[in-house]
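Please look over the structure below and work through the questions and answers that follow it.

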Amino acid sequence: MAEAHQAVAFQFTVTPEGIDLQLSHQALSEIYLSGVRSWKKRIIRLKNSVITGVYPASPSSWLFVVIAILATMYTRSDPSMGLIAKIQEHLPVSQSMSSQCQTVVSAVLFSTMLWLLLIFTMRLCLKQLLSYHRWMFESHGKMSNTTKVWVALVRIFSGRKPLLYSYQGSLPNLPLPTIKDTVKRYLESVRPLMDDTKYESTNKLAEEFLGSLGNRLQWYLKLKSLWAANYVSDWWEEYVYLRGRSPIMVNSNYYGMDFLFVTPTPIQAARAGNSIHAFFLYRRKLNKEEIKPWMLRSAVPCCSYQFERMFDTCRIPGELTDVLQHWQDSDYIAVYHRGRYFRLWVYQAGRLLSPREIEFQIQRILDDPSPPSEGEAHLGALTAGDRIPWAKARTNFFSTGLNKRSLDCIEKSAFFVTLDDDEQGMMGDDPAASLDNYAKSLLHGKCYDRWFDKSFSMVFYKNGKCGINAEHSWADAPVLAHVWEYALATDSFQLGYNTEGHCKGEVDSSLPKPQKLNWEISPECEEQISMSLEVAQKLADDIDFHVFSFQEFGKGRVKKCRISPDAFIQLTLQLAYFREQGNFCLTYEASMTRLFREGRTETVRSCSNESSAFVRAFEGGEAPEVCRRLFRAASEKHQLLYRLAMTGSGIDRHLFCLYVVSKYLGVESPFLKEVLSEPWRLSTSQTAVQQVELFDLVNYPEYISCGGGFGPVADDGYGVSYSLVGENMINFHISCKHSCPQTDAHKFGCQIKKALHDILYLLSGAQPEPKKSEACRPEVKKDQ
């Protein structure tokens, strides 16, 4: 128990002469340095709070206003129009304060109030400016004079050098659409999915809803929209995520992949050392708010509140609803390896360990021969199974004693790390199949070797590949992708490796060993672990995955046809699905609403009257000119739907909130019940590269991430994630369930490839030539 002795700050013995204290100077020094580090963080947070609180002004502008007022008074003029004199009259009379001093104090108080009023006015103006969204509906490359003036005003009122959360107080609230507009757009969206009889029935339900219950529910939502910053987000987080009682593994959690063609080092511990260090560098920037706010068109800020719970966060199970618990700046990570859990401290005496030191500590865990405790090996399956049994088990077996202390170590860690004994990536004689296995491993692993409740879990494989698995309730994929891009770029292009493939730097061999967590697992608890594992394993075995990198062409070719790349992909998916299934389905495409405060996502219903008309014409053998005209009409309609969703005029979040209100009121709505029961048989999402400046695809074209994916939303449907990388690559992640005979991920992948070629040929009249050298090239390992 060497680690236990090193944790003791002092020892004492009782002697006839009294108590003999033996202080450990090293331990006391670490306590002192830890306290200094903690106070530095508090000061930084306080400073950032002040800077963010007065944005778009700056704290130094207060001094400018004070000096300006005092200088004006020096010229014997009164800029306050008598207010300074009024303030002076109400100042406490003090014998030690001269009349001149009272005048200066009054002037300073007036200057401060004037400064705060100016800040409030600037924020109000900026908020009103950011509520203007007509710029988004203008043709690409064409900007009206109104928009040009608007952009100039936004930049004037935006201030300089914003911190991550600087714009939070200036973002507008999510607008509440009128109920008539939402119902009208809903009926239009389902028209291609219904025959005349079914549509007439739905239309009748909608009319009854508008004429009776709808206005009452809308009134309650208006109250909420006036009171809350966002009328959707809190209910969406609670009812869609935290109240779900089914497993979050596969059903909610999602994953992100490593580089596609290159592995920076084949050494597992070294890859972990660099990556873990990079994550903590990012957390340091996050705490200092040095990460730049995400800006659309370099002028329009997006909400950053989802970043707050990225680290030190865990989803705690409950019988009725789960809870998101967030702690402050954990100094350690939880590590899983071969059925054992460890606590690895990443700070020593207030200093972040170097990548080489973290590699050294990770290697210690890999070399540790100790066996798992009784029942420990499959403990993580509790987080992979149903939520109610996990909540009961947590209360019954993990609420006191040793188990509680060990569970706290995992839940309060900065994030979770799995050291996997498997080898993954695009490799071997069948690179396509290896990518499918890689995706399944990241999504669910062995069902017990991930901690699915943590905000995210890093997975490092034996051959140096890595990946990430994320819990969904705390934030959406673009937020996690931001830190993932930073970690990949920092690992490869800034930290690097030596010629042997190890992390650079020296090692302090006196570092205390990672602490192995101990458990007391009762037979009853083991039985529950086995039951959760059985549920999770059945779910994991049912998932069919297909991942492929399409390199015949990319968004470069598509943009030459003057078509939105996203609309091109969405119409391709509609064509591919119709060819496979012979019909259309309700299609979900995720869009963001981060232009508004606390905005998360909205749904774009990609299957429209226009898209179905194009597909039917194309499959019916209509003339190319007709098909091209219909395709462009469908593309324009898709872009319109996407822009409406981004600007708060979507359909589904409004209908969802109306349904929640109806449940609170205890009233039934046949219309809302039908709307919320419709399955999303095609659920899609684009994974966009946000920090393109971190990756040099010209000089390092092989350093390309394959993106990420998720499980199917409907039992008889597909989950499709895609990323347009560079100008000549599109990566697809397709998921479905083996238990559904109508779906097959590989067959659907083939239909997508064929549809991509067919539509491009329709638009350009030239069949692209396949790049045989890159179509299925295996990855290479590079030691830097």
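Q: Which residue forms a salt bridge with Arg579?
A: A salt bridge here is a side-chain nitrogen of Lys or Arg within 4 Å of a carboxyl oxygen of Asp or Glu. The model is predicted, so local features need pLDDT of at least 70 and side-chain atom pairs count only at pLDDT 80 or more, while totals for chains, interfaces and linings use all residues. Residues are numbered from 1 along each chain as its sequence is written, and side-chain values use heavy atoms, with hydrogens and water left out. The closest N and O atoms are 2.9 Å apart, and the partner of Arg579 is Asp758.

Q: How many residues apart in sequence are the parts that Arg579 and Asp758 tie together?
A: Helices are DSSP runs of H or I with at least four residues, strands are runs of E with at least two, and both are numbered from the N terminus. Arg579 lies in helix α19 (residues 565–581) and Asp758 in helix α24, so the pair ties together parts whose separation in sequence is 179 residues.

Q: Is Leu760 buried or exposed?
A: Leu760 lies in helix α24 (residues 745–764), and its C-alpha atom is separated by 8.5 Å from that of Cys561, 199 residues apart along the chain. Buried means under 20% relative accessible area, exposed over 50%, and partly exposed in between (1.4 Å probe, protein chains only). Because its relative accessibility is 0%, Leu760 counts as buried.

Q: Which residue meets Glu357 in a salt bridge?
A: Glu357 counts as buried because its relative accessibility is 5%. The side chain that meets Glu357, at 3.0 Å from N to O, is that of Arg351.

Q: What is the relative accessible area of Arg338?
A: Arg338 forms a salt bridge with Asp421, the closest N and O atoms being 2.8 Å apart. Asp421 lies in the loop between β13 (416–419) and α15 (431–444) and Arg338 in the loop between β9 (332–337) and β10 (340–345), so the pair ties together parts that are 83 residues apart in sequence. Asp421 is partly exposed at 33%, whereas Arg338 is exposed, with a relative accessible area of 53%.

Q: How many salt bridges does the structure hold?
A: Salt bridges that share partners join Arg245, Arg315, Asp322, Arg387, Asp453 and Glu471 into one network. For the structure, the number of salt bridges is 40.
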